[in-house]
Amino acid sequence: MAAAIRPAPARRTSSGASRPPASGRPEPFWAGYDDERLLDVRMRDLGVTLEGSGLEPLLEQLRSELAERGLEFRPHFWLSGEWFCPDGVPGIAIPFYLAHPRLARLEEKQTLEVEGGTEEWCLRILRHEVGHAIENAFHLRQRRRRQMLFGRSSVPYPKFYLPRPYSRSFVVHLDGYYAQSHPDEDFAETFAVWLTPGSRWKERYAGWPALRKLSYVDSLMRELAGVTPLVQTRRTVDPLWRIDQTLRAHYREKRRLYGLDRRKAYDDDLLRLFTAPPGDREKPTAAAFLSRNRPELRRRVARATGEYQYTIDRLLKSIILRCRKLGLRLSRSEEETKLDFALKLTFYTMELLATGRHRVPL
């Protein structure tokens, strides 16, 4: 199991009181609130900071990785509503919920996951965002070779993209084959693979067209080793302390954007198909059952809908994770359950096709 972001060690305040591990400060006023009450807190009033949080050692590790490559560039960081690197800014916004475990629990309740919620996952995203930030710091998007290999940044971002899982023209770093979504994301993903310690990218991508991109990034970063960045601004965009909306409004907007309300509605169907704890402990878990039948289910639904097996498999993966989270087990025979679930999965797939959400949103 991947390690969750760990709280920082307790510190001592000037008064001698032991600071709690999550933020390096006395616990915030909302730490003991239930979800409903916490959702009505304004984001600007959360008062969380990077200092003293479990993010600090990860940011330090990232700086060490850049230093080991001889790069002078050091991005700046701030808390905001989501992950992003603004155009022209050599810095990175980190989502607020990673700064305190209570906020991470709320994030999971509201969205069913905590993006970047483990040390490995968080570092993967950070390395990707550093790829954007270093392009801003050195105006790399203007370089002709960069444009030839990755494409122009002026290409409009699509609202959705449909990945090609078997393409060897792109590296694979973040989920969803994110490098395929836009030239800027292609560069950031390629940089992240190059930066990752022990990635052995020369062996991993031998024979792939993507190796040309990795070799270019390697030579480019060698050129920039020891060079002072051209852009020195420490500007922040949408810092948490300026966001006036409540957490309730934030999550309402986020669920609408990513279709999360529909994903949460899957729970009702799953609870009808399977049994929740304390179910019969002798029965197979729903997650194990679906994992075992995953190839057959995606082939069957692909034939029925005409959709790519990749799309169906992504949906299946999220459902399996949800079954594991809920602790569900079979309540009927395997054959009966398989038939009923295949019908539900067909319905879900057709619904995704109608809404466009089978493609990865940006």
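Q: What do the residues lining the second largest pocket divide into?
A: Five nonpolar, three polar and four charged. Ala, Val, Leu, Ile, Met, Phe, Trp, Tyr, Cys and Pro count as nonpolar, Asp, Glu, Lys and Arg as charged, and the others, Gly among them, as polar. Keep in mind this is a predicted model: local features need pLDDT of at least 70, side-chain atom pairs count only at pLDDT 80 or more, and totals for chains, interfaces and linings use all residues. Residues are numbered from 1 along each chain as its sequence is written, and side-chain values use heavy atoms, leaving out hydrogens and water.

Q: Which helix gives the largest share of that lining?
A: α4, with four residues. Helices here are DSSP runs (H or I, at least four residues), numbered from the N terminus.

Q: OK, α4 then. How many of its residues are buried?
A: 17 of the 20, so α4 is largely enclosed by the rest of the structure. Buried means under 20% relative accessible area (1.4 Å probe, protein chains only).

Q: And what comes after α4?
A: His139, with a positive phi near 55°.

Q: Switching topic: which residues have the most contacts inside the largest nonpolar core?
A: Ile94, Leu126, Phe191, Met221 and Leu247, in a core of 66 residues. α4 gives the most to this core, nine residues. A nonpolar core is a set of buried Ala, Val, Leu, Ile, Met, Phe, Trp, Tyr and Cys residues joined through side-chain atoms within 4.5 Å.

Conventions
Buried < 20%, exposed > 50% of the residue type's maximum accessible area, 1.4 Å probe, protein only. Helix = DSSP H or I, 4+ residues; strand = E, 2+ residues; numbered from the N terminus.
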